[in-house]
Structure formats: structure tokens, C-alpha cells
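Good morning, colleagues. Please bring the sequence and the structure up on the screen, and I shall then take you through a few parts of the chain.

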Amino acid sequence: MREFIPYGRQSIDQSDIEAVIETLKSDWLTTGPKVSEFEQVMAQYTGAKYAIAVSNATAALHIAGLALGLKEGKELWTSPNTFVASANCGLYCGAKVDFVDIDPDSYNLSVESLKEKLKIKTPDVLVPVHFAGNSCDMKEIYQLAQQYGFSIIEDASHAVGGEYEGLKVGNCQYSDITVMSFHPVKIMTSGEGGICLTNNPELAEILLALRSHGIVRDERLLEDKNQGSWYYEQKWLGYNYRITDIQCALGISQLKRVEEFVTVRRELVEQYNELLEGLELKLPQESSQSKSSWHLYPIQLLKNENGYRKKVYDSLREAQIGVNVHYIPVHMQPYYRKLGFKVGDFPVAEKYYNSAISLPMYYGLSNEDVNYVTKTLKNIL
């Protein structure tokens, strides 16, 4: 039987292994020098001034919301075409959550839909999601934020290594905070892990404290400055969202290969596009101002027959091709339906979901694998 092809997979080489082993042999396994080094290299790579590494991207989203003042009586908006964490972070803060429908071509939050919604009400925080690694139109979103007075958290969990208008995603030119993920199926990995990037020193201080119980040791931030070097104060109700030196050692090593990871993904997309041309499919598109890192390769089936997507999906799985679906619109989840959302609220996202399948996409996917995936898909269609 043919070996199973997953939809995503990490790439770990000997240098990654040696970096982790070196840290395991060191005096620091957590809250040590590798955490600071990882933050420094991520800030340098993205162009942001400050980086605060945390245990995962969900934790990053949570403390980003808190740092921007989300609480009861406030409201967060995001895309329905995302993983639930992009919305849940607002609920963690006690805020209300709402959604903005997506663009039918980029599958990102629609700027036009956002403009229409802003005529009625305004969020406190907007979370545009760079779906599949393709950046949202951040300049237009930022201009709307300036006009209407809301804050922006870029959810760039898919977009490490991507670019917008020639600059790396994560530089925070058009947002208050950018969040990235280092889960194993993402562009690069630290095992689990996430990061908050910002250019605002005050937000950086708050994020750093919220990562570790809301505690500060910096003398500038202490109320009592007459204690010894052991002294600390809890300024906020924070969390234990710390990341380990072990994870950061892996992240530092992986970052050295991220450009190679993205280059290979972009080559795989070209191969997919060529082999799938002319089929009854809508292929994913890259926005004109974006250089996608291609975390995902989502296709849409153009046939509308009832049960057709499930038939294609199941057939590909039976052929040992680990396709997936990204994403079930968040507002259609049972938990969110209990909050008052219903099918039909965001029709573009729902239409996309009903015909979407993500084909395998990862560094290490061979040309032979892509040929097999596309040939199998052609036979099924």
C-alpha cells in the first residue's frame, strides 16, 4: 500500500536536532537565553521592534486582546474562515465576538464587507486572518482603523515568511500586534509555540508581563523601588504562557531555513496550478500585493451536487492522500450558534466552505507526490 501523504508535516533536520540537544545539555530549559535569542531573531526577521514568544498562538491571541483592552462591554471582529482561536480569544477576554464575511477570491476578510459593517457599528479590535499564508489588504484595513478608531491584531499564524507590499508579514506597519504560530504543520515549527510582534513599547511591556502571571521585575515599572534584586510585583492578572528554551532552540534553527521552506512551497503551488489547470476546480489565488507563504493549498470544487465534496474527500483519503478542509466557518460551530449566530449569516464564507478541500502542502512533499495527488484527483473528478 502507498505511504500516507498528510496535508501538512514538519521538516526536522540534523541541525535542528543538534540545537535542541545543546539546549538540553545547558543550564537553562525554560525562561532562559534561548527565549530572548528567539525573540531577537524573529523581530529582526520580520522587521518588528519587539517580539514576545509564548506557548502557542492561541495564548498569543489571548494576551494580545488583553493588552489592547478587550474586556466585558468591548467587541472583537474577525473572519469566519479561520480556526476557532481567532474568535475565541475575544471571548477569553470577556468581549463579544462578531464576524466580517470573506472575499470570494482571496478567502480573506473582505474589505468591502468591513466597510459596509462599519457604517452600522464599530469593533474595538479587528483580527484579520492571513488565510493560507496570503496577506489581507492591511493598508486599506489600517486606513479604516484610523478612520473608525479600532485596534488591529494580525493573525499571521499561516503567514510566517510571507510578504505584503515587499515587506515581511509581521512588521506591524499596519497593525498594533501581529501573532504567529509555530505549530508543526505551519511554515516553521518550535513544536508548539507562538509569538506576539509589535512596534509599541507599552504594549510590549504588557505582553511580556501577561505571558508570566502579570509579574514585572523591571525597576521602572515597580511601585516600591526600595527592595532588593529578588523583588517583583504583579501588575496584571496574567497567565503561565511561557515558552521553553528547548522550543526556542528549535525555532531559532528552523528560522534559518524559513526562506527555503517558502521557496519550495511556492514551487509546489506552481506545479499544482499547472497540473490542475482546466479541471472543474477553482484554484487558490495570491493577492497582487502579497507574496504568500502558502501554508495551505485550498481548492474549490465547482460541481454543486449534494454530497459531491464528501465523495471526493473520502475517495482521496482512501487513496492515502490526507486532504483536509479549512475551515468550517466559526459562526456555524454549535458553541457560536448558542451565541445567536446561524447558517446564512456569512454566505460567502459558507459557500467557500461547502466546496473546499485542502490538498497536501509542505516542505518535503515530492514532485512524485504532487503528480500522484493530481492524477488521483483527476480520476475522481
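Predicted model: local features only at pLDDT ≥ 70, side-chain atom pairs only at ≥ 80, totals over all residues.

The expected span of a helix is 1.5 Å times one less than its number of residues. Helix H2 covers residues 33-46, 14 residues in total. From its first C-alpha to its last, H2 reaches 20 Å, which is close to the 20 Å expected at 1.5 Å a residue.

Which residues of H2 are buried? They are Val35, Phe38, Glu39, Met42, Ala43, Tyr45 and Thr46. When we look down the axis of H2, these buried residues fall within an arc of 165°, so they line one face of the helix. On the face turned away from that buried side, H2 carries the exposed residues Gln40 and Gln44. Just after H2 comes Gly47, which takes a positive phi of about 95°.

I turn now to a sheet. It is an open sheet of 3 strands, in the order S7-S6-S13, and the pairing is antiparallel. The edge strands are S7, at 167-168, and S13, at 290-291, each of which pairs on one side only. Strand S6, residues 163-164, is joined to S13 by 2 bridges, and the two run antiparallel. Within this pairing, Tyr164 stands opposite Ser290 in S13.

Tyr164 also leads us to the aromatic residues. How many aromatic pairs does the structure hold? There are 17 aromatic pairs. In one of them, the rings of Tyr164 and Tyr174 have their centres 6.1 Å apart, with their planes at 85°. An angle over 60 degrees counts as edge-to-face, so this pair is edge-to-face. The pair links distant parts of the chain, 10 residues apart: Tyr164 lies in strand S6, and Tyr174 in the loop between S7 and strand S8 (177-181).

Are these two tyrosines buried or exposed? The cut-off for buried is under 20% relative accessible area. Tyr164 has a relative accessible area of 6%, and is therefore buried. Tyr174, at 13%, is buried as well.

Elsewhere, ring pairs link Phe83, Tyr107, Phe131, Tyr327 and Tyr352 into a cluster.

I close with charges placed over rings. The charged end of Arg2 sits over the ring of Tyr372, 4.0 Å from the ring centre. For Lys117, the charged end sits over the ring of Trp77, at 5.4 Å from its centre. Thank you for your attention.

Terms used: Residues numbered from 1 in each chain as written. Heavy atoms only, no water. Pairing = 2+ DSSP bridges. Helix = DSSP H or I, 4+ residues; strand = E, 2+ residues; numbered from the N terminus. Buried < 20%, exposed > 50% of the residue type's maximum accessible area, 1.4 Å probe, protein only. Arc of directions from axis to C-beta. Phe/Tyr/Trp six-rings, centres within 6.5 Å; stacked < 30°, edge-to-face > 60°. Lys NZ or Arg CZ within 6 Å of the ring centre and 35° of its normal.
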